[in-house]
Amino acid sequence: MKEINSYGFNMADETRKVRVEERLKIKIGEAKNLPGRNNGAACARDIYCVLSLDQEEIFRTSTIERTLNPFFGEEFQFEVPRRFRYLSIYVFDRDKQASKQDKVLGKVAIKREDLEKYNNTDHWFALRPVDADSEVQGKAYIELSMEDSRKRLRMDPKPPDPDFSECSKAKANNLTRLSEYCKESMRFGSCSSSTSKKLLAAVATEPALSLSRSESLKDRAQWSVRPKPPMHTMTESPSPTAADYWSDPERHCAAHVGPDTIRLRVLECSELTTKNGQCDPFALVTLLYSNGRRVEKRTKPRKKTVNPQFDEIFCFDLVMEADPKDKDGSQTAGVACEARVSVWHDAATPVFLGEVRLQLRQPAPDPLCAWFFLTSRAGGALSRGATPPGTRLSAAGSSTLGSLRLLLRYTVDHVFPLQHYRQLEELFLRSVHQKPITTSAVYILGEIVSSKTEAAQPLVRLFTHHDLIVPIVKELADAEISVLTDATTIFRGNTLVSKMMDEAMRLTGAAYLRSVLRPTLAAVLHEKRPCEIDPARVKPSADIAANLANLKDYVERVFAAITSSYGTCPSVMCRLFDALRQCAARHFPHNAEVRYSVVSGFIFLRFFAPAILGPRLFDLTTEQIDLQTTRTLTLISKTIQSLGNLVSSRSAQQVCKEEYMAELYRSFCTTRHVQAIKQFLEIISTSSDTQNNNVQETSVLLKEGTMIKRSEGVRMGPGSPRRRWVRPAHTHSKRRHFRLTSGELWWSRCGAKAAAHRLPLSGVLSVSPVDCPPAGAPLDANNIFQIVHRERVLFVQASNCVERAEWLRLLSALCRRSPATPPHRGYYVDTKWS
């Protein structure tokens, strides 16, 4: 059996040490022509979308109320941490009654192999219905081979046993096993009562015949009563080829040449879906014959697992005789043509989980040993993928379910070891000192690539690692500004240097951005005060003056937070702004405003304003944002962009694109606001490494989120008692709010402000995922990672695989200097790895 790593590639990739990185960026635009409630009547719905990898929910959009044509405009991007089959986007109708489940209207399911077809294209996808038979996931490992049962028989007579009691015991055992076979054969219709009597008589007359463990009891008994051929006719004949055999299998079986038995082994299944939070799977093996007959056998059910281990073997006759109940003799002998292995959840009424179909007459290796993806049942809907648990299914008979507009960007990178990139790295690093800069490798790369963002991201990381990000940006900016004649067009295009500045601010200023904007945005999301000032959007009874006052209050709070944050601006950003200001002032010496505008264009328009517009994308919040709050954030973001232009003399004469925004702009075009912006820009564009030393010493919040703390045990030495894995209802498996800073990890009850427990990162020995939970772990114990500390071992369960990968990445980077242990797939317990 081939081993598959976490990315789904063969282990050959591991020997070459090639790291595979998959990134997915998807923008959910809008939906249209959704079916209404009340049997097709134009009754509006409350719509939201769920983005899933197979059955696992990754992201969820905001809910758009009272519409059949919702506009979302939300963008999600993440690194894919595991292999997946389908990228699915489900469209749900929210049920306002808490006792009922939300209904899924339809879905868009795209195979992983088909993502390349829609890459970088804005495409409308038709929604497909969701039904139970088509919603499957998982895979099964099956072995299929053809055997000649006659070669497995041992016909040498045994010496007489002096112990008659032992002989009688063996005879009784044979009769017992044969009677069990006859009962089972008669139940499936593959053996008549007369045949059963013949088999019993055969064993009774020859009790010394022994049965091997792997042979069929029916074959053994039939061979025992078969007359032995003469010695001269028992010469071995050449075995037929596969093509010859399948051309006429009935003739070869009748001539006792070649295989006559199909041996099917079901070893295990993996990643099965759950039904209402439960999964007690069993496999049903069905062999179909050309004459319409079929034989079914099933495994024993496995309790409470989505990765069952069966390892059961089933043997079937290759040729099935005609049905003895066929009186007119129209039915003939049939040949096995198809094998089906279906997986079911063991319940009062078994629930279908998926199946594998194997066409036996197709050329295939013998034996066939492979993993097979489970597919939908015959006659199901055309949709594929897996539905998140706890959803009401859509109507399969609906002809028009609407459509959904998506913009996909899927990239797969194969990263080789660092020594393969040494020469390329040195070539890029020499660009800093190469004159003129237009002949350097970095400049030429920016001119030839179509996507400047794809080139800027690795370049910023490379030069930041070598502490050369400021010199390379200064050289590129000087070359770009030197060809301009109008100061108002500086860095207005999507050039390489502007994209590198965006990436550098995002990389070095993430903690700074959260510290400045998160308190005010949290108040906006919590208070939900109306701020709509467009007369065309508000109701006649709404008070526009009150809404304007609310909006002014929010903008003033954001403005004060930004202009007073100069003391915490990262030193790298300050040095970058200082380099840009010097370049602009050198090329435009008579323009006194260019020193401010070149910096405000980045810090206001490209840093703060996009984060206010999309706080979830910049990790400023994890809450769902409703339509009214989204509109409020849009108005605040537009105002902050305009405030960045107050340093220009033309700002007083600027014409508002929207008339309803004029009064808001006039309230901020004051001397006080202009002076505050200039002071802020002057300070952050002054290179001073000493003023930011305290920022690096203070712990900054890197990530926070709600997760389940599965178990916690304090280590008191080898062999000390520890609390084992427990059920979710146990008092020690509770949902906690975690916060990760640069110095420690702490958690508390959800909603509590003070930290209940703190874990210093300096004492962390290892951080690793738990792919194989220990015995006793609940069924939903997935996406778990462990933190091995000197004092305790902490098990934490993330909400999905993407969240777990992000926590592991940050914790591993922060604990890199700690005495770490080698990676391990097991779990750490009693001072050792499982």
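**Cores and strands**

Modeller: This is a predicted model. Its largest nonpolar core has 86 residues, and those with the most contacts inside it are Met-500, Leu-517, Ile-603 and Leu-681.

Colleague: Which helix gives the most to this core?

Modeller: Helix H16, residues 594-613, with 11 residues.

Colleague: And what is Ile-603 in contact with, leaving aside its neighbours within four places in sequence?

Modeller: With that exclusion, the contacts of Ile-603 are Met-573, Phe-577, Phe-608, Phe-680, Leu-681 and Ile-684. There is also a second, separate core of 33 residues, and Phe-76, Val-91, Leu-127 and Leu-404 are among them.

Colleague: Switching to strands. What is the order in the open sheet of four?

Modeller: The order is E13-E10-E9-E17, and the pairing is antiparallel. Strand E13 (309-317) and strand E17 (368-373) are the edge strands, each pairing on one side only. On average, neighbouring strands of this sheet are turned by 20° against each other, direction ignored.

Colleague: How many bridges join E9 to E17?

Modeller: Six, with strand E9 covering residues 139-147 and the two running antiparallel. As one example, Lys-139 has Phe-373 in E17 as its bridge partner.

Colleague: What about strand E23, mostly covered or mostly open?

Modeller: Mostly covered: E23 spans residues 764-770, and six of its seven residues are buried.

Colleague: Which strand is E23 joined to by six bridges?

Modeller: Strand E24, residues 784-789, and these two run antiparallel. Ser-768 has Gln-786 in E24 as its bridge partner.

Conventions
Residues are numbered from 1 along each chain as its sequence is written. This is a predicted model: local features need pLDDT of at least 70, side-chain atom pairs count only at pLDDT 80 or more; totals for chains, interfaces and linings use all residues. Side-chain values use heavy atoms; hydrogens and water are left out. Two strands pair if DSSP finds at least two bridges between them. Axes are lines fitted to C-alpha atoms, for helices over the stretch in contact, and angles run from 0 to 180 degrees between N-to-C directions. A nonpolar core is a set of buried Ala, Val, Leu, Ile, Met, Phe, Trp, Tyr and Cys residues joined through side-chain atoms within 4.5 Å. Buried means under 20% relative accessible area, exposed over 50%, partly exposed in between (1.4 Å probe, protein chains only). Contact means heavy atoms within 4.5 Å.
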